[in-house]
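Reader: Can you walk me through this structure? Keep it quick.

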Amino acid sequence: MYMSKYLFIDTNVYTACAAEELQGSDLNALKKIKTELDGGRICLLVPEPIRVEVEKKIRVTFKKLGKDAQLDPTSEKSNNPNKVNSNTAQKDEKENLFDKGKKQKIKVIRENAFKKMNEEIMSSLEKEEQQANTLLESLFQHKNCTKIPLSGDALLSGMKRAALLQRPSPVDAKPDMPHYIKDMDCISFEMICEELSRLKKNNNTIEFLICTTDSDYFEGEDLHPQILGSLRSYTEKQTGYKTMPELLEKEFSASVTPKQKEVFNAIQEDIQLS
């Protein structure tokens with residue numbers, strides 16, 4: 001029996017691929033997904049809230065990368081990475097060697113050099129961000145990608161799901177977590193279920209794949225029973241993956257290096273501890 005394969009990728013995975021570039025979770029991974037879309041071997045499901053969140057998180061992530069990468073000409077490390085403590089005699093000798101004019105000139109030269117390097121860093125990051133956004137747009141605008149709009153029914157169902165603390169609602173969420181964060185995952189999930197229901201009514205036999213590092217979708221290594229219970233109403237087969245390398249290796253026979261496996265095993269351990 002032939003089954004149409006539908007894939008949902010969560011925000012955190014898109015962000016890791018586009019900006020954080022973990023081993024095996026990078027732009028090449030997204031390019032592999034596009035290859036599968038081009039070949040018609042898979043269809044991508046993208047709820048509108050996920051697309052909006054992806055755009056925001058990538059923008060924020062690159063902004064933070066730019067801030068963290070800036071070089072400070074006033075820091076001791078930037079001024080002289082090999083600087084060691086000097087005794088008083090050495091300090092006195094330095095004062096005799098350089099008058100105030102020369103020291104000011106050196107300061108200006110250093111500041112200009114660091115300014116140029118920082119501009120090059122920001123330019124490089126801007127190009128990387130543009131490249132990531134271009135690739136993501138090619139996925140989201142692909143003929144085999146379904147962008148799911150928010151309906152009133154999905155909104156109400158998602159809010160109800162969150163109120164009942166049904167997965168993917170974060171049942172161990174901190175008390176101060178905003179309600180919209182708790183609700184959004186549930187609303188997006190209900191939007192997916194709504195689309196899968198529509199596809200089933202059109203006589204599609206569906207295999208559903210989900211890739212997310214969000215532990216609320218899982219119980220141990222498998223999808224949580226509450227998640228499976230909802231998906232089984234519309235799909236014949238359901239599989240969850242916690243990292244992009246794992247998805248690519250098992251579903252699309254992509255080669256995954258030992259280093260990549262090491263990284264995504266560490267991610268899995270982090271999910272279980274979170």
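Predicted model: local features only at pLDDT ≥ 70, side-chain atom pairs only at ≥ 80, totals over all residues.

Reader: Fine. How many helices and strands in the protein chain?

Author: The protein chain has 11 helices and 7 strands.

Reader: What share of the residues count as buried?

Author: 41% of the 274 residues in the protein chain count as buried.

Reader: And the contacts? What percentage join residues at least 24 apart?

Author: 79%, among contacts between residues at least 6 apart in sequence.

Reader: On to the sheet. What is the strand order?

Author: β3-β2-β1-β4-β7. That is an open sheet of 5 strands, and the pairing is parallel.

Reader: Which are the edge strands?

Author: β3 (145–148) and β7 (237–241). Each of them pairs on one side only.

Reader: How many degrees are neighbouring strands turned against each other?

Author: On average 20°, with direction ignored.

Reader: Take me across from β3. How many bridges to β2?

Author: β2 and β3 are joined by 4 bridges and run parallel. In that pairing, leucine 45 stands opposite threonine 146 in β3.

Reader: Next pair. How many bridges join β1 to β2?

Author: 3 bridges, again with the strands running parallel. Leucine 7 is opposite leucine 44 in β2.

Reader: And β1 with β4? How many bridges there?

Author: 6 bridges, in the parallel sense, with β1 covering residues 4–9.

Reader: What about β4 with β7? How many bridges?

Author: 5 bridges link β4 (residues 206–211) to β7, and the two run parallel. Isoleucine 210 has glycine 240 of β7 as its bridge partner. Cysteine 211 stands opposite tyrosine 241 in β7.

Reader: Stay on β4. How many of its residues are buried?

Author: 6 of its 6 residues are buried.

Reader: Which residues sit on which side of β4?

Author: Ile206, Phe208 and Ile210 are on one side. Glu207, Leu209 and Cys211 are on the other. Both faces of β4 are covered, and those residues are all buried.

Reader: Which residues in α6 are buried?

Author: Phe114, Asn118, Leu125, Glu129, Ala132, Leu135, Leu136, Leu139 and Phe140.

Reader: How do α3 and α6 cross? At what angle?

Author: Roughly 165°, and the axes come within 10 Å. Here α3 is residues 48–69. Angles over 145 degrees count as roughly antiparallel, so α3 and α6 are roughly antiparallel to each other.

Reader: Left-handed or right-handed crossing?

Author: α3 passes α6 in a right-handed crossing.

Reader: Which residues meet there?

Author: From α3, the list includes Arg51, Val54, Ile58, Phe62 and Ala69. On the α6 side, residues including Asn118, Leu125, Glu129, Leu136 and Phe140 take part.

Reader: Now the loops. Which peptide bond is cis?

Author: The bond from arginine 167 to proline 168 is cis, with omega near 15°. Proline 168 lies in the loop between α7 (152–163) and α8 (179–201).

Reader: Why point that out?

Author: Because most peptide bonds are trans, and most residues other than glycine have a negative phi.

Reader: OK, phi then. What is the value at leucine 165?

Author: Positive, about 55°, although leucine 165 is not a glycine. Leucine 165 also sits in the loop between α7 and α8. Its relative accessibility is 46%, so leucine 165 counts as partly exposed.

Reader: And asparagine 203? What phi?

Author: About 65°, positive as well, and asparagine 203 is not a glycine. Asparagine 203 is in the loop between α8 and β4.

Reader: Buried or exposed, asparagine 203?

Author: Exposed, because its relative accessibility is 71% and the cut-off for exposed is over 50%.

Conventions: Residues numbered from 1 in each chain as written. Heavy atoms only, no water. Pairing = 2+ DSSP bridges. Axes fitted to C-alpha atoms, helices over the stretch in contact; angles between N-to-C directions. Buried < 20%, exposed > 50% of the residue type's maximum accessible area, 1.4 Å probe, protein only. Parallel < 35°, antiparallel > 145°, perpendicular 65-115°, else oblique. Left-handed = near helix turned anticlockwise from the far one by under 90°. Contact = heavy atoms within 4.5 Å.
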